[in-house]
Every structure is written in structure tokens, then in C-alpha cells.
Amino acid sequence: MAAHPTRRVVLAAALALPLAAASGCGGADVLAAPPHQAPDVTLLRSAITAEQLMIARYGAVLAGSSAAVTSALQPLLAEHRAHLAQLRSRLVVPAGSPAPSQRAPGAPAGVPSGQDAALAYLRDAEQTAAAALLARLPGAPASLAQLFASISASEATHVPVLDQAAAR
Amino acid sequence: MSGGSAASPAATGELQAALAAEHAAVYGYGVVGAYLTGTSRASATSDWLAHQVARDALEAMLRSRGAQPVAAAAGYQLPVVRTTAEAAQLAVTLEDRVATAYLGLVAVSATAIRRFGARQLQASALRAAGWRGSTVAFPGLPASSLAAPRRD
């Protein structure tokens, strides 16, 4: 069932090594094969980046929100922080691979000014994030697929909350 | 295309568990609706119909795999409902049980079943949030399956 992406990569690396050695340039660092990254590590890292971006978006919108909108958004932001913590707890980094960045991405670009536009922006971001997690289900190990599906469902429930906040 | 064996007994077991949860939800929403009026009752009716559609879909999936779908029980042990708040709480409980059953389908390797489970989990989470009046971070996931969050 599981694909074997490693075989082709290893073969390619084996073929590339003599060429790199023959070229005579570079030291041991150049010759060292990059550490293999397990597929679920790749899936987790992209989900972690997506949550960090979502948290940054909420932060940017909250900075210009009224008290009423802030109280509607805070519980949603808290859930995104719980998603991020849970995703990070599943990340087992293989020995020798570069440490993942713990830093959240910077302030997101393109946050619209105006309360309604900002809420619509968050709503679209939630829908996109929920769909992106569902798209990652087929390749994920069972327990990770369950976490992705649950987070996706949570994000889908944020959409009507944001609609209600905009209607107030 | 879709991973896993189509005849996997594990998939059949998870489909049966989801069907059993849907049978209970169909029964339970009948109780929920009886204690509600107006728009709440309309919501209960709409959700009751959604569970019937999901139940029928699960039965068809099981039959297409050559399995006999589990039958509904004659009755279900439900918490006592006397008020509209207790009716809404029962709806939340029914949805939470259904959500957990659908997460079982998400663990199945066959892509079509996994996707179906994820879509139904989302629908259940939306209904539950409506009855609860708030959202949760991990619909369907029991607390025991969540790691204690790291502080960083």
C-alpha cells in the first residue's frame, strides 16, 4: 500500500555521489546525502506552518478589532493554538536533520482593513485551511489522518462563528 | 488508486460502528425534537434527516462490500430529557458519539472511506457546534488520544 519513494531517491543519490566526487569540488558536506525526511514529517511540517500562519492572521485581525469581535475571535484563536501544540507534539524529527523553525511566520500580507473585510478574510482562510487538511488525508498514517480530519472539522466550525461576528 | 484492500474486515467493522452510531442518532434526535419548538425544532428535524441520509449511505457502502448492515436496536438508553437545554445537550452527546465513530473511518486506509468519514465528521462537528453554542478544538478525538501540550 505505502509507496516507496526512498528507493528512487537512494538510487539517485548513489548515482550522484560518484559524479560529485569526480567533479572534485566541495568537501564532505557537499557529499553527505541530505537526511531522509519521512513523509509524515513533511505532512506535519506543512500543517504546522499552516497553523502558524492562521494564528498570525488572527493576531493581525485582532489588532484592529472591536471588543465584541475580539471576544468572538479569542476562542477560535485558542483552538488554533491547541491545534498547533498538538501538531508539534506529533513531530518526531529524525536525528541529523535540521531543527525546524520554532518561529512563527511574520505578519501575513494582505490583511484587509475594515472589520467586515477582515472577518471575511479569516473566513476564507479557515475554509482553505480545512480543505487543505482534507486533501492531505490520503497519504497520511492513520493516527495523523485522524488528527488532520479533527482539526479540519474544527476549522470548518469556525466559519459560521465568523459569519455571525460579521453580521453583528 | 484508493489504498488498502476493499474487502478489509477492519473497514467493515468501522463502517458497522459508524452505522450503529447513526442508528442511535436517528433514534435520539426523535427524542431531542420532541422537547423543542420553533427554530430549534426545525434544526432538530433537519439534523435528524441528515443522520438518516448518512445511515442510508453507510448501509449502501456495507452492502456493496457484501456485508449485512447492523440493524437499529429496539430502543436506546438515553439521558433523561425534561428541558430544552437537556434536549440540546442530548443532541451534542449524540453528535460527539457519531463524530468519534467517523474518526474510526478516517483511520481506514481506503481513500474513499477515509474521505467519507472526514466529511461526515465535519458535518457532525458543525451540528454539534450549533447545539453547544461554541466550538471545540478537536471534534471526535477523545481527550485520551491527545498529547499533553508542550509549552514552548
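**Contacts, helices and core**

Guide: In this predicted model, 28 residues of chain B are in contact with 26 residues of chain A; two residues are in contact if their C-beta atoms, placed from the backbone, lie within 7 Å. Residues are numbered from 1 along each chain as its sequence is written, chains are lettered from A and ligands numbered from 1 in the order in which they are written. Local features need pLDDT of at least 70 and side-chain atom pairs count only at pLDDT 80 or more, while totals for chains, interfaces and linings use all residues.

Visitor: What gives the most to the side of chain B that touches chain A?

Guide: Helix 4 of chain B does, with nine residues. By class, that side has 16 nonpolar, eight polar and four charged residues. Ala, Val, Leu, Ile, Met, Phe, Trp, Tyr, Cys and Pro count as nonpolar, Asp, Glu, Lys and Arg as charged, and the others, Gly among them, as polar.

Visitor: How do you know how many helices and strands chain A has?

Guide: Helices (H or I, at least four residues) and strands (E, at least two) are DSSP runs, numbered from the N terminus. By that rule chain A has six helices and zero strands.

Visitor: Why is helix 3 of chain A called roughly antiparallel to helix 5 of chain A?

Guide: Their axes come within 11 Å and cross at roughly 170 degrees. Axes are lines fitted to C-alpha atoms, for helices over the stretch in contact, and angles run from 0 to 180 degrees between N-to-C directions. Angles over 145 degrees count as roughly antiparallel (under 35 roughly parallel, 65 to 115 roughly perpendicular, the rest oblique), so helix 3 of chain A is roughly antiparallel to helix 5 of chain A. The residues of this contact divide into 11 nonpolar, no polar and one charged.

Visitor: What makes a set of residues a nonpolar core?

Guide: The members are buried Ala, Val, Leu, Ile, Met, Phe, Trp, Tyr and Cys residues joined through C-beta atoms within 7 Å. A residue is buried if 20 or more other C-beta atoms lie within 10 Å of its own (exposed if 12 or fewer, partly exposed in between; C-beta atoms are placed from the backbone). The largest such core has 74 residues, and A:Phe148, A:Ala149, B:Ala91, B:Tyr102 and B:Leu121 touch the most other members. Its largest share, 12 residues, comes from helix 3 of chain B.

Visitor: What is the average pLDDT of chain A?

Guide: Chain A averages 81, and 70% of the residues score at least 70; pLDDT is the predictor's confidence in each residue, from 0 to 100. Over residues 1-27 of chain A the pLDDT is below 50. Where pLDDT is low, the predicted coordinates should not be read in detail.
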